[in-house]
Protein chains: 2
Amino acid sequence: MNAPDPMIRITTQRQILLEELGKTKNHPTACELYDMVRKRLPRIGLGTVYRNLELMADTGIILKLEVGGSQKRFDAEIEPHYHIRCCRCGKVENIEVDIIQDIVQSAAKKTSYDIIGHHVEFSGECPDCQDGSSKI
Amino acid sequence: MNAPDPMIRITTQRQILLEELGKTKNHPTACELYDMVRKRLPRIGLGTVYRNLELMADTGIILKLEVGGSQKRFDAEIEPHYHIRCCRCGKVENIEVDIIQDIVQSAAKKTSYDIIGHHVEFSGECPDCQDGSSKI
DNA sequence: ACTATATTGCAAATCATCCGCATTGGCGAA
DNA sequence: TTCGCCAATGCGGATGATTTGCAATATAGT
Ligand SMILES: [Mn+2]
Ligand SMILES: [Mn+2]
Ligand SMILES: [Zn+2]
Ligand SMILES: [Zn+2]
C-alpha cells in the first residue's frame, strides 16, 4: 500500500555523534555535542547534529531528556533511570534511585490517559555550587 | 551593607495575571495567559507577562512547570502534585497520585547534592488523542 | 498633590531549534 | 569496480519562545 521505509544510512557524522555522546556522562545539549563533534569533524553543521539527535531519539538508540532548563539534553544511557539537576549551574547528573514501578500502576488507575512513560527529576544544589553559594 | 530590597508594587497587570491563572486548571503557557489577560487588559505587553510570571515563580506564589515541550507552563496550584502530559497534543493535567516522600530521602542518601525538590511527570495519550489516534 | 522609582508597553535582540535547497556521498545493483 | 539513485549534509536563512533596553507611566510613601 505505502512505500517502503526509506533506508537509513550509516554516515560518518552519525557514527561520530553517537561515539561522542557515548563517551560522556554529562547529558550534553545539542550545542555542546556540536562542539565536541566539531573537534573531529570541523565541517559538520549544527543542523546535522539536531537532525540526527532527533532521529536517534525517535529510533530509541539514545534518549532525549526534556528536563528543566531551556535546552534539551541527550543521553546515551537508555536504561530507565532518573536525574538530578543543579538549580544554579544547570548541570544534569544521574541519580541512583530505584525505578518506581508502583507509581505507574497507581497513576494508571487515576487517569484516563494511556500512560507511556514517566520521569522523575530532582533539583538541588550541586557540591560545586554549594561552596561558592553566597559569593559573586 | 547593601541597599534594601526594592519594593514590589501591586499593579493591575499583576493582579489580573494572577486572577486569570487562578481561574484555570490548564497549566497555560505565557502566550496563552497573554491571550487570556488581554481580554481584560488589551494593552498589556507580552514582556510584562513573562516578567511577572518569572517574578511570581521566584517569589513562590505560583509554579513554573519545566515539563516537556518547547514552552514553559504555569500553575497557580502550589501545593506539591504531579503532572501528566499528552505526548500528542501537549496538554498538561494534574494527576492525583500521592507524593512520594520516601524517594526524596533515598535520593538524598545517593547524592551529594543538596536536594531542594523533585517532580514526577508522566506522559501518555490523552482520551481525546486516543480516539483519532490513527487518523489525519 | 508631589516625588522617587518600580513597572510598563513597545520594539528590537537573543537563543534554541528547524527548514529549504543545491551538493555530496552511502551503498545496492550491474 | 563503477554507476546511479536518493538519503543526508552543510549552509544560511526562517521560526518560535523568551529576554532586554528604554522612554513613558503609574504606584505608594510623604
Ligand atoms: Mn542519564
Ligand atoms: Mn498542576
Ligand atoms: Zn551547580
Ligand atoms: Zn492529547
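**Labels and their tests**

Reply: Let us begin at the interface of chain A and chain B, where 14 residue pairs are in polar contact, both residues at pLDDT 80 or more. Keep in mind that this model is predicted.

Me: Which elements make up the side of chain A that touches chain B?

Reply: β3 (82–86), β4 (92–95), α4 (101–110), β5 (114–125) and α5 (127–131) of chain A each give two or more residues. β5(A) gives the most, with 12 residues. By type, that side of chain A divides into 18 nonpolar, 12 polar and 10 charged residues.

Me: How many residues are in contact, and what area is buried between chain A and chain B?

Reply: 40 residues of chain A are in contact with 39 residues of chain B. About 2,900 Å² is buried between the two chains, 63% of it on carbon and sulfur atoms.

Me: Why is Arg85(A) with Glu66(B) called a salt bridge?

Reply: Their closest N and O atoms are 3.7 Å apart. The cut-off is 4 Å, for a side-chain nitrogen of Lys or Arg and a carboxyl oxygen of Asp or Glu. The pair is within 4 Å, so the name applies. The count between chain A and chain B is 2 salt bridges.

Me: What makes β5(A) and β5(B) a strand pair?

Reply: Bridges do. The rule asks for at least two. Here 11 bridges join β5(A) to β5 (residues 114–125) of chain B, so the two strands pair. They run antiparallel. Gly117(A), for example, stands opposite Ser123(B) in β5(B).

Me: Why are β3 and β4 of chain B also called paired?

Reply: 4 bridges join β3 (residues 82–86) to β4 (residues 92–95) in chain B, and at least two are needed, so they pair. These strands are antiparallel as well. Ile84(B) has Glu93(B) in β4(B) as its bridge partner. The hairpin has 5 residues between its strands, and Gly90(B) takes a positive phi near 85° in it.

Conventions. Residues numbered from 1 in each chain as written. Chains lettered and ligands numbered in written order. Predicted model: local features only at pLDDT ≥ 70, side-chain atom pairs only at ≥ 80, totals over all residues. Heavy atoms only, no water. Contact = heavy atoms within 4.5 Å. Buried area = accessible area lost by both parts, 1.4 Å probe. Polar contact = N/O pair within 3.5 Å; in protein donor to acceptor, adjacent residues only side chain to side chain. Nonpolar A, V, L, I, M, F, W, Y, C, P; charged D, E, K, R; others polar.
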